[in-house]
Amino acid sequence: MSPDKTDVLIVGAGPAGLAAGIELKRLGVTNVLVVEREDEPGGIPRLCHHAGFGLRDLRWIYSGPGYARHYVREAEAAGVEIRTSTTMTGWQSSATVTFTSPRGLGQIEAGAILLATGCRERPRSARLVPGRRPQGVFTTGSLQCFVYQHRLPVGKRAVIVGAELVSLSALMTLAHARVSAAAMVTELPRHQIYFPYLPAKWYFADLAARTPVVTGARVSNIVGGTRVEGVEITHLASEQREMLACDTVVFTGDWIPEHELARLGGLTLDPGTRGPQVDAGFRTSARGVFAAGNLLRGAETADTCALEGARVARHIHDYLNTGQWPAASLPVQVKPPITWMFPNVVRVSGERPVAGGFTFRVREFCQDARVTVWQGEKSLYAQSFRQLSPNDSARLGSDWLAAVNPAGEALRVGVRHS
Amino acid sequence: MAERTGRRATVSWFDGELKLVDNIYDIAVIGAGVVGSAIARELSRYDLNCVLVEAGPDVGVGTSKANTAIWHTGYDAKPGSLEARLLRRSDALLQAFVPQAGIPFERLGGLLVAWTEEQRRALPGLLEKAHQNGDTDVRLVSAEEIHQREPHLKAGALGGLFVPGESIFCPYTLPLALATQAVLNGARLLLDHPVREISKERDGAYSLNGPGGSVRCRYIVNAAGLYSDEINRLLGQHEFTVTPRRGELIVFDKFARSLVNHILLPVPTAITKGVLISPTVYGNVMLGPTAEDLPDKTDTGTSDKGLRMLWQKGEAILPALMREEVTATYAGLRPATEHSDYQIRLHAEQRYVCAGGIRSTGVSGCMGIAEYVVGLLSDAGLALPAKTEFKPVRMPYIGETGLRPYQSAEMIAADSAYGQIVCHCERVSLGEIIDAAHAVIPARTVDGLRRRTRALQGRCQGFNCHAALVALLAREARQNPDRLLMLEADHVA
């Protein structure tokens, strides 16, 4: 069987993949093929039937499906080929992947491959929340499919686990389905919904006001028979337990990159992000293979992913033209409370990440934190932050790259409270 | 698409209307778990009017669905016990049946690892026992060999036992295959039929009564698992009491599969075989079970304590495993009794065989038990008229080692629905979902669909496809999704 050939193969027709496809066509690449395992392109925004998309990339507020439609239309207009219901199943080589589709099995050979497979929320089981397994346990993703895509019944009263941006999305979805929200429960001391999305919280102030945020608590048991009857929460400080009556539980956030294809291809993963290790040019450990979007690190908003898609396109275009792939690199390791940083390898050529340096996240609120970069015992750089917040990305400057010793040890990044 | 034969004639369930079943069955088997299904299948070889009566909404939804899915050879059973004898016989029968019926299995071999001096001293005794049980290929292995066979095992194993015959198989397909073959050969399956009372009529026939309706029969087999003591009492017998023994398990992501080559067994104690680590036929890795006696026969929830204990055990055996994502956690209840052996008894004067107290080796022992039980029934006077034909059964293959529909160019060419993937994590195609909804014993619930196809069993636990599956099943089974969602607990997450 001879493989289909294309200049660039993009796996995943979400915001990152479609934006990359559009930009590649704009740069003059002849054949750009986007494959999508779902039967419709557009990615996760398709499921989010509420406003809040497109702020950073399109300078306009779209609904999720509207935003997805915009990118699909743009991609089609630009001449990007989109194949849906096509599942990548493995690698023949770093330039050839195998797929299954209703049209049969096949292979695609590409000059460059971009993985933009997105992410998923960590389900209840993977969070080791004990108890029974009744009906009525969701993630935001499965909830939105129930409510918007298939219009299936959900419940009457829900507890939302998490109090970050995606939890707000779950809250809006529940409101649409006329399900009341009993509480949002977060282990952290405050909710984590920030600018520019805070106005959304105000917009839904009525909704939010009726939904108490229980902070400093975790869900410690799920009770029920056929249907959820309630959740037990444990207050972390006092160890006190409390029952919240509900028939629906939504586990939100706690993102895991969908890295199956990346791992099957033997790409090096970053222990912090759990996505493929990439440099400032979104290059993975395999020559000719790039990665972008939420596969890199769990969830950023769709507009951030789309902007990344456009950026990675330029690096793919360069690679197609020059065939150059930088060789040596140094990994960037993070220490708690930093959970991940990206790019997470530094090319010894000293290539700088564009658009504001290195992105990182922390797992707890940090006041007056001094983020420091070391190589071995040598401190290369330090930057002060008045406030670092979990579930919100911060940017670290890249002025220290020139000081990196290419023959030296791995780079380490940590926080010192000043 | 695969064969979708008419079925409602022989499989029926309670659909809101009380039905009185007029005819008198020659024999009723109570409980369509793996043991009851195997017994019904064995009876369906003969020209008998046989009914399999199940309280739950599907086949194999009690102890049979939540266990370690290990096909034990019985090397460590008590020599001379009924369990040892039937396990041995069952092993031979399963070796013929399992591959032929398309049930996923892998003969990985068990590696029993001693971590303390005391455990190492127990090894020769276990070897002796294995040899007495006829497992002559069991042998002692050195610490070096253990670490060579299992490079990711934590350092410090002192020695062990290699049990080549220990295998893994699919705990869902096995009872379904047995019950399907029984139905194909004329047995009737009644779901949603709990038996709450047993009365004897003037003509000597029994009437099994419950909210699902009444079933009249001449002979009774009790294979009610956790409830086998209660059925036993309804018939005036009191030899044993079932105390549910909860076993909690953690299933890890498929990426963990390369970390384990064998079924890693601990040195067993009197109460339990202990916490083991084993690959599954779906390509995951399983850690468990715990063993905790409970008063409640419905308490299939996991506990903080249990999961934490398993986590510690996992860290102590295979630390790399604990760095992988968890796919699922679940708990099952084994029907332990105050006796160590199976509680299989014939009450000839009552035309009744009790097959209860199958405490932890039901899936491994089912076929041996079935043959033995049918022998007892014959002793009690049940005529077993020969039949000309015994139809074979072939189940859809859902294991990881053979060819799945999404990998088969032929199947996709014949029907494009086999190339349309619905559950991405487990690569379950639309064609398989439709087949399951129209099987001889069809999937009626999302959980039934999961057991038949693996859909929803993967790492995302429904993030992507849960709603689509509910909508699909509602369409295919012509059911209202509301009702579908209320039918069965314990589905995903």
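Reply: Two residues are taken to be in contact if their C-beta atoms, placed from the backbone, lie within 7 Å. The model is a predicted one, and on that criterion 40 residues of chain B are in contact with 37 residues of chain A. On the chain B side, the elements that supply two or more residues each are helix H7 (304-317), strand S19 (326-336), helix H9 (409-414), helix H12 and helix H13 (481-487). Sorted by class, the residues of this side comprise 21 nonpolar, 15 polar and four charged.

Of these contributing elements, H12(B) can be followed residue by residue. The helix covers residues 466-476 of chain B and is mostly covered, with eight of its 11 residues buried. The buried positions are His466(B), Ala467(B), Ala468(B), Leu469(B), Val470(B), Leu472(B), Leu473(B) and Ala474(B). An α-helix has 3.6 residues a turn, so residues three or four places apart point the same way. Among the buried residues of H12(B) are Leu469(B), Leu472(B) and Leu473(B). After the helix comes Arg478(B), whose phi is positive, near 50 degrees.

Chain B is divided into domain 1 (11-64 + 172-240 + 339-379), domain 2 (105-168 + 243-336) and domain 3 (405-487). Between the C-alpha centres of domain 1 of chain B and domain 2 of chain B the separation is 32 Å, and their contact draws on 10 residues from domain 1 and eight residues from domain 2. On the domain 1 side of that contact, three residues are nonpolar, six are polar and one is charged.

Chain B also holds an open sheet of three strands in the order S4-S9-S5, with antiparallel pairing. Strands S4 (70-71) and S5 (105-106) of chain B each have a single partner strand and stand at the edges, so one side of each is left without a neighbour in the sheet. The antiparallel pairing of S5(B) with strand S9 (residues 167-169) of chain B is made over two bridges, and Glu106(B) has Ile168(B) as its bridge partner in S9(B).

Taken as a whole, chain B contains 13 helices and 23 strands. Its radius of gyration is 22 Å, close to the 23 Å that the globule rule gives for 493 residues, so chain B is as compact as a globular protein of that length. The C-alpha trace of chain B spans about 70 × 55 × 45 Å along its principal axes, and 57% of the 493 residues count as buried. Where contacts in chain B join residues at least 6 apart in sequence, 74% of them join residues at least 24 apart.

The C-alpha trace of chain A spans about 60 × 55 × 40 Å along its principal axes, while 54% of its 418 residues count as buried. Of the contacts in chain A with a separation of 6 or more, 66% come from residues 24 or more positions apart.

Chain A is divided into domain 1 (4-120 + 256-325), domain 2 (123-253) and domain 3 (333-417). The C-alpha centres of domain 1 of chain A and domain 3 of chain A are 26 Å apart, and 12 residues of domain 1 are in contact with 16 residues of domain 3. The domain 1 side of this contact has three nonpolar, four polar and five charged residues.

Methods. Residues are numbered from 1 along each chain as its sequence is written. Chains are lettered from A and ligands numbered from 1 in the order in which they are written. This is a predicted model: local features need pLDDT of at least 70, side-chain atom pairs count only at pLDDT 80 or more; totals for chains, interfaces and linings use all residues. Two strands pair if DSSP finds at least two bridges between them. Helices (H or I, at least four residues) and strands (E, at least two) are DSSP runs, numbered from the N terminus. A residue is buried if 20 or more other C-beta atoms lie within 10 Å of its own, exposed if 12 or fewer, and partly exposed in between; C-beta atoms are placed from the backbone. Ala, Val, Leu, Ile, Met, Phe, Trp, Tyr, Cys and Pro count as nonpolar, Asp, Glu, Lys and Arg as charged, and the others, Gly among them, as polar. Domain bounds come from an automatic or database domain assignment. The radius of gyration is taken over C-alpha atoms; the globule rule is 2.2 Å times the number of residues to the power 0.38.
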